[in-house]
Amino acid sequence: MLLKKQTVWLLTMLSLVVVLSVYYITSPEQKSNELTAVQQKPKDQNKGKTKTESKNGKSVVSSVAGDAAFEELRMKQEDTRSEKKQNLTNELASTDLPADKRSEVKDQMDKLNQTAQKEELLETFIKTMGYDDVLVRADGAKVIVTVKAKKKPSATEANKIMLEVKKEIDETNYVAVEYQPSK
């Protein structure tokens, strides 16, 4: 009888470890603000630089990686996507939903997650092509890529970006590459 209790205890602990591991892997990355506090001055004073103070009181000056407009668009995109996910989660939680509708809602949630992952992957890949910042917005069959660079990209570079987007996002029919000059 003691052996059965130990086996049950061991299996319970192993299942707890597995559940926590899956939760850790699938949870969004948490950003810690304990190490630094960022203070931005008006652009006319520091010309695109950000002053960061560490805990020991020393300040470090670094250039701003992204533009405020890019970040605002990213936040709006993330907000609308999370709102859609919340609506789908609420719909999925309703008890009177038939099994086929539940499956459709779950597929829609999976598609939203896959789209977000593909956008992030494309942004990273296109940044490695030498651009200062990239924003990819996929909305159904329409994908808009906004690149920020010091020089205007040529038609061949825009074509490379379009080919990569079509390779990554299969169901797209329309890909537009927009240019914003870097400051």
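**Close-up views of a predicted protein chain**

View 1. Met 13 is found in helix 1, which spans residues 2–26; helices (H or I, at least four residues) and strands (E, at least two) are DSSP runs numbered from the N terminus. This is a predicted model, in which local features need pLDDT of at least 70 and side-chain atom pairs count only at pLDDT 80 or more, while totals for chains, interfaces and linings use all residues. Residues are numbered from 1 along each chain as its sequence is written, and side-chain values use heavy atoms, with hydrogens and water left out. Met 13 is partly exposed because its relative accessible area is 33%, where buried means under 20%, exposed over 50% and partly exposed in between (1.4 Å probe, protein chains only). Together with Trp 9, Leu 10, Leu 11, Leu 14, Leu 16 and Leu 20, Met 13 forms a nonpolar patch on the surface with about 720 Å² of accessible area.

**View 2. Confidence along the chain.** The pLDDT, the predictor's confidence in each residue from 0 to 100, averages 75 over the protein chain, and 76% of the residues score at least 70. Among the elements, helix 4 (residues 99–127) has the highest mean pLDDT, 87, whereas strand 1 (residues 36–39) has the lowest, 38. Over residues 31–66 the pLDDT is below 50, and this stretch has 42 contacts in the model beyond near neighbours in sequence, a contact being heavy atoms within 4.5 Å.

**View 3. Lys 101 in helix 4.** Lys 101 lies in helix 4 and counts as partly exposed, at 39% relative accessibility.

**View 4. The nonpolar cores.** In the largest nonpolar core, which has 14 residues, Ile 126, Val 143 and Val 145 touch the most other members; such a core is a set of buried Ala, Val, Leu, Ile, Met, Phe, Trp, Tyr and Cys residues joined through side-chain atoms within 4.5 Å. Helix 4, strand 4 (133–139), strand 5 (142–149) and helix 5 (155–168) are the elements that give two or more residues to this core, and the largest share, four residues, comes from strand 5. Leaving aside residues up to four places away in sequence, Ile 126 touches Tyr 131, Val 134, Val 136, Val 145, Val 147 and Ile 161. A second, separate core of five residues includes Leu 88, Leu 97, Met 109 and Leu 112.

Note on methods:
Patch = residues over 30% accessible without salt bridge, like charges linked within 9 Å, V, L, I, M, F, W, Y side chains within 5 Å. Areas by Shrake-Rupley, 256 points an atom, 1.4 Å probe, with all protein chains shown as cover. Salt bridge = Lys/Arg side-chain N within 4 Å of Asp/Glu carboxyl O.
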